[in-house]
Amino acid sequence: TEELMPSEEELPSEEEYIAANFAYFQGDRPEFYQSLRDAYSRLGRVMMKRKELIESEDMLKVAADISAAENILEKQPEDLMFLACLYLKQGKSWQSEKLLKRCLSILEASPNVSIRLVALCHHRLALVYCHLSLLFKAEKYFKKASELMGASDQGALNRLTQRRLAAILKDYAVLLNRMRRESEADKYYAQARKILSSSLLTG
């Protein structure tokens, strides 16, 4: 058995061993942290659906911290939006607004920005302002959200985008009813119903 054992000369030095492991970790680091972030994000969303809001906040905060610290740019807006959604459920409207504005600035600075994601961010900001009873401010963001979501699917082929556009228009109509602009609200309700009907037929 001694013949099968490597001699001390054949064994790597401590410095070589550390260097080899460091190189392996550096190469694997992005994938490792991406997977870790994904796990925390999914757990946070599951807990949010179960209405375990404190536990959900902990998970979503860790996911957001990882995407920020490791510069996972494509996930940062998503993490901020989920955390903002949670804060809105907890009644923390101002914290939600702060995160969504930060999210919007990241998206607008991105060279490969997703129009749908920008539209979603505007929609959620509009909902925050509805909660804060800043109705005219909310209207501004509903308008922008509907324009962007509509422009992102001009061929009306993406069913998910159509459903999101219908949701924006319906929420906008609810706002207009609160503002006692019933005739305008009816117009947006009708548009939302038409989009949903069309989506069901094409599906």
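## Close-up views of a helical protein

**View 1. Lys101 and Glu97 sit 4 residues apart in helix H4 (residues 93–109), so about one helical turn separates them.** This is a predicted model, in which local features need pLDDT of at least 70, side-chain atom pairs count only at pLDDT 80 or more, and totals for chains, interfaces and linings use all residues. Residues are numbered from 1 along each chain as its sequence is written, and side-chain values use heavy atoms, leaving out hydrogens and water. An α-helix has 3.6 residues a turn, so residues three or four places apart point the same way. Here the side chains of Lys101 and Glu97 form a salt bridge, with 3.6 Å from N to O. A salt bridge is a side-chain nitrogen of Lys or Arg within 4 Å of a carboxyl oxygen of Asp or Glu. Glu97 is buried at 11% relative accessible area, while Lys101 is partly exposed at 38%. Buried means under 20% relative accessible area, exposed over 50%, and partly exposed in between, using a 1.4 Å probe and protein chains only.

**View 2. Arg45 and Glu78 meet in a salt bridge.** Their closest N and O atoms are 3.8 Å apart. Arg45 belongs to helix H1 (residues 14–49) and Glu78 to helix H3, so the pair ties together parts that are 33 residues apart in sequence. Both are partly exposed: Arg45 has a relative accessible area of 25%, and Glu78 has 22%.

**View 3. Which residue also forms a salt bridge with Glu78?** The partner is Lys75, with 3.9 Å from N to O. Lys75 is partly exposed, at 21% relative accessible area. By the same rule, the count comes to 11 salt bridges.

**View 4. Helix H3 is mostly covered.** Of its 14 residues, 10 are buried, including Leu80, Met81, Leu83 and Tyr87. Just after H3, look for Gly91, which takes a positive phi of about 80°.

**View 5. The protein has 8 helices and 0 strands.** Helices (H or I, at least four residues) and strands (E, at least two) are DSSP runs, numbered from the N terminus. Of the 203 residues in the protein, 36% are buried.
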